[in-house]
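Work through these exercises with the model open beside you. Try each task before you read its solution.

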Amino acid sequence: MLTLLTAALFPPIVAADGQSGPDAFAQLDYLLDTPTETRLASGAPGPQYWQQRADYRIDVKIDDRAQRIIGSETITYHNQSPHTLRYLWLQLDQNRFRRDSDDMLTKTAPDFAHFPYKSMANLLTRQAFDGGVTIKAVQDGSGKALAYTVNKTMMRVELPQPLAGGAQFAFSVDWEHNIIDATAVGARGGYEYFEQDENYLYEIAQWYPRLAAYTDYQGWQNKQFLGNGEFTLELGTFEVAITVPADHVVAATGVLQNPDEVLSRKQRERYQAAQASSEQRFIVTPDEAKKNASSRTSVEKTWRFKAENVRDFAFASSRKFIWDARMAKSGAREVLAMSFYPNEAEPLWSQYSTPAIAHTIDVYSRYTFEYPYPVAISVNGPVGGMEYPMISFNKPRPYSDGTYWDVRQKSEDKTWERSKYGLISVIIHEVGHNYFPMVVNSDERQWTWMDEGLNTFLQFVTEQAWEEDYPSRRGEPANIVEYMVSTPQVPIMTNSESIHQFGNNAYAKPATALNILRESIMGRELFDYAFREFATRWQFKRPTPADFFRTMEDASAVDLDWFWRGWFYGTQHVDVAIENIALYQLDTGNPEVEKPWQQAEDEKQEPTLSQQRNADAQTLIQRYPQLRDFYNESDEFSVTPWDYAQYEQLQQSLTDREKALLNADKNFYAVTFKNIGGLVTPLPLRITYGDGKVEELQIPAEIWRRNAEQVTKLFVTEREITGIAFDPYRSTADANPANNAWPRQPKASRFKLFKEKEEPNPMRRNDKTQWEQPIL
Ligand SMILES: [Zn+2]
């Protein structure tokens with residue numbers, strides 16, 4: 001279990017490969033934060049738990065001609081910590097798009113051996129883009145300028161007076177920035193331009209100067225944004241007024257405050273009706289959206305939204321949007337599920353988007369808590385898949401002829417953006433992020449896995465509840481093997497910006513680890529209880545990895561330190577081999593039993609080649625019988641009077657209890673397992689007996705606690721064992737199934753013959769007739 005030893009007393013002395021050997025079961029101790037009354041040793045928030053709060057009032061305008069954001073915000077910062085602050089830090093994520101940003105400067109050269117058009121477009125667009133925030137003013141409540149310093153993607157604002165614990169401070173920031181082309185650059189927000197009808201679709205995110213997190217565990221989270229470590233922010237209330245061309249439709253975090261001002265009468269009626277029904281309906285129909293797309297107006301409208309207890313705010317705007325909605329259940333709560341998408345997204349979106357939202361909040365609420373917000377939104381646009389409170393951006397849409405794939409065709413290709421299950425999965429994933437990290441407010445800039453891994457795990461559970469054999473990409477143990485044996489690899493517990501193989505490391509591996517924990521190590525009942533406890537404890541609070549590790553143990557009485565160490569702090573993989581099986585049977589001492597047994601064993605041994613070939617040759621003693629003596633005549637297996645006497649003596653020396661033990665007719669099978677991969681694992685086994693019976697059992701991973709490289713397990717049975725299989729249900733992520741069976745089974749596979757191709761030689765290249773026909 002997790003104990004309370006401090007780092008000072010027990011400095012980290014673990015070897016680099018301390019995941020195996022006797023260290024595999026060492027307690028985590030010094031790897032975890034020392035518990036405090038803010039964060040308890042149980043993994044729960046403590047009596048002195050505190051967090052800051054930031055409330056925003058924002059006025060923002062989209063300049064649809066210049067693709068530019070013009071904004072002005074007032075932030076009220078509540079210092080709820082016991083500490084006095086002398087300055088505040090804000091995130092300026094848009095500065096990542098400056099040409100001289102650390103993100104740009106630290107990008108290493110691409111792999112020119114594999115350089116897709118997409119990467120070329122990204123590279124050139126980013127070099128040409130005039131990115132970054134222009135800060136126009138920073139002022140206190142009375143309009144007095146505040147001193148500030150921009151350091152790359154962070155901005156420090158000087159407080160006129162130190163801000164004591166319990167006090168609050170209001171200030172305002174005016175800014176502007178250009179919106180990036182998100183079809184060319186893999187960004188979390190941006191625009192898409194539709195050539196056919198000359199329209200823009202905006203997905204606006206990480207767009208306003210946002211108050212950085214100040215926490216009990218690391219002070220200001222002002223680590224620079226390099227592009228991967230998303231963010232962590234303070235919870236608060238947002239009141240946002242979004243000004244856009246009057247023919248645009250806006251989707252945003254929060255609840256629309258002024259439908260009377262921005263919706264037509266017909267739309268208002270439909271909007272009302274949608275909020276009273278679980279039946280999906282259009283608020284803007286596909287035909288209306290088509291008509292909107294060709295309208296142009298110089299008039300503007302302001303959409304007002306309010307959101308409570310959120311850590312961020314995002315929105316989308318376009319005159320191309322179709323809008324559908326229905327009420328969805330999350331436990332006892334009712335939530336307005338809505339989708340916004342252009343006609344280009346049809347027919348997939350009206351069929352699957354809103355049902356996927358409803359399904360997600362239904363399933364997630366069963367494993368965590370009820371969806372706490374009034375709306376849940378999915379928007380189609382240029383952003384691949386990105387989550388914000390109540391709203392998510394999801395890219396997949398069909399081809400222009402309305403056809404689409406079922407699943408992604410190859411692991412790295414873009415067909416997922418044109419596939420049905422690609423769409424359903426990304427919506428489940430992004431809507432699921434409302435739970436992790438929007439409500440369970442982990443620090444994404446530090447730990448990607450805490451939201452992506454936990455969320456991808458529940459995504460798998462939710463996908464499997466969508467339909468039987470849903471083609472989930474991540475979750476099943478066998479799917480993670482290729483990554484687990486790959487190099488280079490870093491532990492899951494690696495800072496977000498330094499991860500190798502981002503998707504595998506921070507999404508797939510932790511999700512699979514949790515699935516293994518649930519199905520094979522803790523069992524569903526213990527796991528689900530502990531996982532729900534973690535989510536509930538940390539609703540609207542900030543958990544760290546230690547809080548998660550500790551809670552899962554605290555609520556289940558399962559010591560998982562070995563599991564966290566191996567899967568989260570290590571890079572080894574599971575590969576167990578059944579190395580050897582030895583059969584031991586009891587020597588009865590009875591010469592009439594033992595001598596024939598020895599004789600039978602002796603006869604099992606086949607004669608050597610020399611013995612066989614010499615069999616017909618006449619030997620010396622055949623020719624001279626006078627050379628024979630006692631030993632040539634006697635049979636070593638014949639029972640002598642001495643043997644009987646020995647047995648008699650033995651019998652007399654035994655108590656009745658000892659006699660019963662001696663007569664127990666048991667087979668002792670000593671099965672040796674070798675841990676080739678290094679990552680310790682439970683041993684799920686299937687044993688087949690000579691009488692055809694099959695038995696399944698699971699040996700806990702603790703069998704490796706004294707020797708993590710090789711263990712021998714004894715099986716005592718009256719029956720004969722004819723076969724043992726390790727991991728019959730592929731539940732451990734074992735990397736090499738070929739060594740999992742005894743006796744070994746040949747692995748069947750098919751191979752293809754390929755036909756050699758030939759290029760025309762230079763002499764033939766000038767003459768079309770030579771290569772338009774097959775070359776013979
Ligand atoms: Zn995600």
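This is a predicted model: local features need pLDDT of at least 70, side-chain atom pairs count only at pLDDT 80 or more; totals for chains, interfaces and linings use all residues.

**Exercise 1. A sheet and its edges**

Which residue in E30 does Ala-725 stand opposite?

Solution. 
- Step 1. Find Ala-725 and look across to E30: the residue opposite is Ala-741.
- Step 2. Now take the strands. E29 covers residues 721-726, and it pairs with E30 in the antiparallel sense over 2 bridges.
- Step 3. Widen the view. The open sheet has 4 strands, ordered E27-E26-E29-E30, and the pairing is antiparallel.
- Step 4. Look for the edges. Strand E27 (694-699) and strand E30 (741-742) each have a single partner strand, so one side of each lacks a neighbour in the sheet.
- Step 5. Recall the general rule. Strands of a sheet pair through backbone hydrogen bonds.

**Exercise 2. The zinc site**

Name the protein donors of the zinc ion and describe their geometry.

Solution. 
- Step 1. Check the angles. Among the 4 donor atoms they run from 56 to 151°. Four donors count as tetrahedral only if all angles lie between 85 and 135 degrees. The site of the zinc ion is irregular.
- Step 2. Read the spacing along the sequence: H-x3-H-x18-E.
- Step 3. His-429 is in helix H7 (residues 420-432) and Glu-452 is in helix H9 (residues 448-464), so the pair ties together parts 23 residues apart in sequence.
- Step 4. His-429 and Glu-452 are both buried.

**Exercise 3. Gln-51**

Is Gln-51 buried or exposed? What does it touch?

Solution. 
- Step 1. Locate Gln-51 in the segment before strand E1 (53-63).
- Step 2. Use the cut-off: buried means under 20% relative accessible area. Gln-51 has 16%, so it is buried.
- Step 3. List its contacts, leaving out residues up to four places away in sequence: Gln-80, Leu-235, Phe-540, Lys-541 and Arg-542.
- Step 4. Pick out Phe-540. Its backbone oxygen lies 2.8 Å from a polar atom of the Gln-51 side chain.

**Exercise 4. Nonpolar cores**

How many residues does the largest nonpolar core have?

Solution. 
- Step 1. The count is 188 residues. Phe-171, Phe-315, Phe-548, Phe-563 and Phe-568 have the most contacts inside this core.
- Step 2. Helix H6 (residues 348-367) gives the largest share, 10 residues.
- Step 3. Another core, of 6 residues, lies apart from it; Phe-97, Phe-129, Ile-180 and Val-185 are among them.

Notes:
Residues are numbered from 1 along each chain as its sequence is written. Side-chain values use heavy atoms; hydrogens and water are left out. Buried means under 20% relative accessible area, exposed over 50%, partly exposed in between (1.4 Å probe, protein chains only). A polar contact is a pair of N or O atoms within 3.5 Å; within protein, one must be able to donate a hydrogen and the other to accept it, and residues adjacent in sequence count only if both atoms are side-chain atoms. Contact means heavy atoms within 4.5 Å. Two strands pair if DSSP finds at least two bridges between them. Donors are N, O and S atoms within 2.8 Å of the metal (3.2 Å for Na, K and Ca); water is not among the atoms, so sites may look incomplete. Four donors count as tetrahedral if all angles lie between 85 and 135 degrees; four count as square planar and six as octahedral if opposite donors are over 155 degrees apart and all others between 65 and 115; anything else is irregular. A nonpolar core is a set of buried Ala, Val, Leu, Ile, Met, Phe, Trp, Tyr and Cys residues joined through side-chain atoms within 4.5 Å.
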